[in-house]
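Here is a short note for someone opening this structure for the first time. Please keep the sequence and the 3D view at hand while reading.

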Amino acid sequence: MAPGGRQEEGCTDPSGKAWSGRLSVERDGDDFTLSYDDFADKQGTFAVRRVESDFHEFDARLVIGSFTSINYKGTVRGRRDQHTVWDGAGSAERDGFLPPSGVIEATTVAEVVDDALCSGQPASGRTTLTFGSHVAVVTYDGATECDDEKTAALTVNGEAQAPLDGITCAVAQRGLPRSTLGLTLLGALVLAAVGRRRERVGTP
């Protein structure tokens, strides 16, 4: 990633992975905008604005893999690599030849990330995913159920499901704390698949 006002394209990272496309970074003090031009299979922007020293707003408007459009806004309270609280809302829409397709509304409330409570796993909070008449709720429980599988509780249409595995806190972007924004958007597509399957078998 290049510093403010510069661009990178056709580069290789320290691990030897080759990257194509272009990523532009524009900075204005503590604010910055990442512009993706077919970089990491993404088009669009990811912007961060500093409101206070420990409070940031972010806005993601991305198209991933030509089929999935993401519009998501949120806030982060706290400092990087310390106790942070994430809130956000938006939508993910997939329009492809194969299912799942459709629009998912996603809302995350008070997602706490704190390695002192549970390393790499959200400590508390929840994400609600809505697809048509179907509603899934992911409840983060690292503060009470911290485990190697990094699970989170899941309900679909009010019914408890098997826990979700691999609910990790991924590094978002330079200058921001960690969050599960990526999980929220991928999980939305999982919910779409659940909804399509229930519709096919006639489950209310």
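The points below go from the overall picture to single residues, and end with confidence.

1. Overall make-up. This is a predicted model. The chain has 204 residues, and 38% of them are buried. One helix and 14 strands are assigned. Take the contacts between residues at least 6 apart in sequence: 34% of these join residues at least 24 apart.

2. The nonpolar core. Start with the largest one, which has 28 residues. Leu34, Tyr36, Phe46, Phe58 and Tyr72 have the most contacts inside this core. Which strand gives the most to the core? Strand 3, residues 31-39, does so, with four residues. As general background, nonpolar side chains in soluble globular proteins tend to be buried together.

3. Strands 3 and 4. These two strands run antiparallel and are joined by seven bridges. They form a hairpin, with two residues between them. Look at Ala40 in the turn: its phi is positive, at about 55 degrees.

4. Strands 4 and 5. Strand 5 covers residues 55-64. Strand 4 runs antiparallel to strand 5, with 10 bridges between the two. This pair is also a hairpin with two residues between its strands. Thr45 can be followed here again: its bridge partner in strand 5 is Arg61.

5. Thr127. This residue is found in strand 9, residues 124-131. Is Thr127 buried or exposed? It is buried, because its relative accessible area is 2%, and the cut-off for buried is under 20%. Its side chain has polar contacts to check. One joins the side chain of Thr127 to that of Thr108, at 2.8 Å. Another, of 2.5 Å, joins the side chains of Thr127 and Tyr140.

6. The disulfide. The structure holds one. It joins Cys118 to Cys146, with an S to S distance of 2.0 Å. The link is right-handed, with 80 degrees about the S-S bond. Cys118 lies in the loop between strand 8 (102-113) and strand 9, while Cys146 lies in the loop between strand 10 (134-139) and strand 11 (153-156), so the pair ties together parts that are 28 residues apart in sequence.

7. Accessibility of the two cysteines. Cys118 counts as buried, because its relative accessibility is 2%. Cys146 is partly exposed, with a relative accessible area of 43%.

8. Confidence. The mean pLDDT of the chain is 78. A value of 70 or more is reached by 76% of the residues. Which element has the highest mean pLDDT, and which the lowest? Strand 4, residues 42-52, has the highest mean, at 92. Strand 13, residues 170-171, has the lowest, at 42.

9. Stretches to treat with care. Over residues 170-180 the pLDDT stays under 50. The model has 41 contacts beyond four places in sequence for this stretch. Residues 192-204 are also below 50, and have 18 contacts beyond near neighbours in sequence. Where pLDDT is low, predicted coordinates should not be read in detail.

Technical notes: Residues are numbered from 1 along each chain as its sequence is written. Side-chain values use heavy atoms; hydrogens and water are left out. A nonpolar core is a set of buried Ala, Val, Leu, Ile, Met, Phe, Trp, Tyr and Cys residues joined through side-chain atoms within 4.5 Å. Buried means under 20% relative accessible area, exposed over 50%, partly exposed in between (1.4 Å probe, protein chains only). A polar contact is a pair of N or O atoms within 3.5 Å; within protein, one must be able to donate a hydrogen and the other to accept it, and residues adjacent in sequence count only if both atoms are side-chain atoms. A disulfide is a pair of cysteine sulfur atoms within 2.5 Å. pLDDT is the predictor's confidence in each residue, from 0 to 100. Contact means heavy atoms within 4.5 Å. Two strands pair if DSSP finds at least two bridges between them.
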